[in-house]
Amino acid sequence: MPLTQLFCSQEYHGYYLRGQTEEFLDYIHSDNFPENYAHAYYVLTFFVLIRNTYAKQYNKEIGYADSLGYFEGKTAIEFIKIREKHLRNFIKDKNLLKDQSEKRELDPFVEEINIKDINIVESPYLLRSIKNKADIIFLRMNVALDRIELPSNDSIVEFPKHIYQLPAYHLSKASPHHEGEISEQIDWTPGIFSDKFSFNLADTENYSTKLCDIGDIAWEWIEKKSLSERSVKLLNTLYGELKDKADPYKEYYFSFLHDLTSDLKDHKFVGQCSYCENFFKYASTKKFCSLLADGKNCGKSVRNKRHYIKNKEKILPKVRDSNRKLKAFYKEKGIIK
Ligand SMILES: [Zn+2]
C-alpha cells in the first residue's frame, strides 16, 4: 500500500488536520513458521495540525508532495494539483511514466476523514503549541500489525499481532537484527526518525532512548520467555514515565510498552497492582504490591481508601471539627486573621 494522504474539512483552533498512512514490511522470527520467519505488514498512521504558514514556509523547500512526513495541500484537490505540478517537473527530467503500471504506481491515494474520529485530547502540550503558534503540531502516531504472511506462498498465518518485536529486533543491541532490516523509508530508529519528522516534529524531550529500553526488555522476553528482576524494575520505571501520555511521543512509545506488558500479563509472567499499576512477578493470589516484595503495602492503601469512602460521613465531621479547632488555635496565636 502506498502512502495515503488524509484530509479533513473541519478546522481546529485555526489549524487544519492532515494525516498520512503507510504500510511497511518487516519480519517476525519464530520457530512456529516453516521457514522460521514470516513477513509482517505494519501500518503506520500519523496526524498533524498545520497552519497556513507551514505551507508558505516549507513548500519551496520540498521536492515531493507525497513524501512521508511532508504535508502539502490543505484539501485533497489542492494536494493533487501540487502533486501533478511536481510530477510534471519530474517527468521532464526522468522521462518516466511511459508504461501504465508505473503511472498507477504514482497515483495519489487520498482520503477524507472526520475530525471527530481523531478524538483530539487538549493536553498542555497541544494548548502550548497552539499558543506558540507552531506551524505544525505533531498530534498522534501509531503502528499496528495488519497481517503476517508466509514468505514461501504469501498465505496469511494466524499469529499474535504484537508490535513490541519492532523495538526488540531493531533497537535492542542484543538482537542480531539490530541493523539493516527495517524498510528504509520508515526507518524509525531514533536518529533517522527525527530526520523524517524534522519540521518542528523532532522529539525534543528525547524520550526515544526509552524506546530502546523497551526494545531491550522486549528482546529479553522474546529470547528467554522470562525477565530478570532488573528488567521488571526498568519496566516499572518506564511505565511510570510514559503512562501519562502527555505528548504524542510519550503516547507512541507507551503503545509499545503497553503491548509488551499486556503480553507479559497474558502469559502470567507479571501481575499488575490494582492500586498503583506497578508490575511484579505473577502470583495467582496477588492483586497488590506487598511490603515485603515491593516495598509498599498497596492492599492496605486500598483498604484505607475503602474505609474512608465507606465511613466518609463519620470521618468528615471529625476532620472538619479538628480543622475548625486548628483554625481557632491559629487565630488565637495571631497566625491567621
Ligand atoms: Zn501497588
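pLDDT is the predictor's confidence in each residue, on a scale from 0 to 100. You will need it here, as this is a predicted model, where local features need pLDDT of at least 70, side-chain atom pairs count only at pLDDT 80 or more, and totals for chains, interfaces and linings use all residues. Residues are numbered from 1 along each chain as its sequence is written. Let's walk through confidence, a sheet and a pair of helices.

**Confidence**

- The chain has a mean pLDDT of 82, with 80% of its residues reaching 70 or more.
- Helices (H or I, at least four residues) and strands (E, at least two) are DSSP runs, numbered from the N terminus.
- Where is confidence lowest, and where is it highest? Helix α6 (residues 190-196) has the lowest, at a mean of 38, and strand β6 (residues 270-272) the highest, at 97.
- Over residues 180-196, pLDDT stays under 50. For this stretch the model has 24 contacts beyond four places in sequence, where two residues are in contact if their C-beta atoms, placed from the backbone, lie within 7 Å.

**The sheet**

- Five strands can be followed across an open sheet of 5 strands in the order β4-β1-β2-β3-β5, and their pairing is mixed. Two strands pair if DSSP finds at least two bridges between them.
- At the edges sit β4 (109-113) and β5 (136-149), each pairing on one side only.
- β1 (residues 4-12) runs parallel to β4, and 5 bridges join them. Among the partners in β4, E111 belongs to L6 and V110 to Q5.
- With β2 (residues 15-29), β1 pairs in the antiparallel sense over 6 bridges; F7 has R18 of β2 as its bridge partner.
- The hairpin of β1 and β2 has 2 residues between the strands, and H13 takes a positive phi near 50 degrees there.
- β2 also pairs with β3 (residues 37-50), in the antiparallel sense over 14 bridges. Here the bridge partner of E23 is V43 in β3.

- The axes of α9 (residues 229-242) and α10 (residues 248-266) come within 10 Å and cross at roughly 140 degrees. Axes are lines fitted to C-alpha atoms, for helices over the stretch in contact, and angles run from 0 to 180 degrees between N-to-C directions.
- That angle makes α9 oblique to α10: under 35 degrees counts as roughly parallel, over 145 as roughly antiparallel, 65 to 115 as roughly perpendicular and the rest as oblique.
- Which residues of α9 and α10 make the contact? They are L235, L238, Y239 and L242 of α9, with K250, Y253, F254, L257 and T261 of α10.
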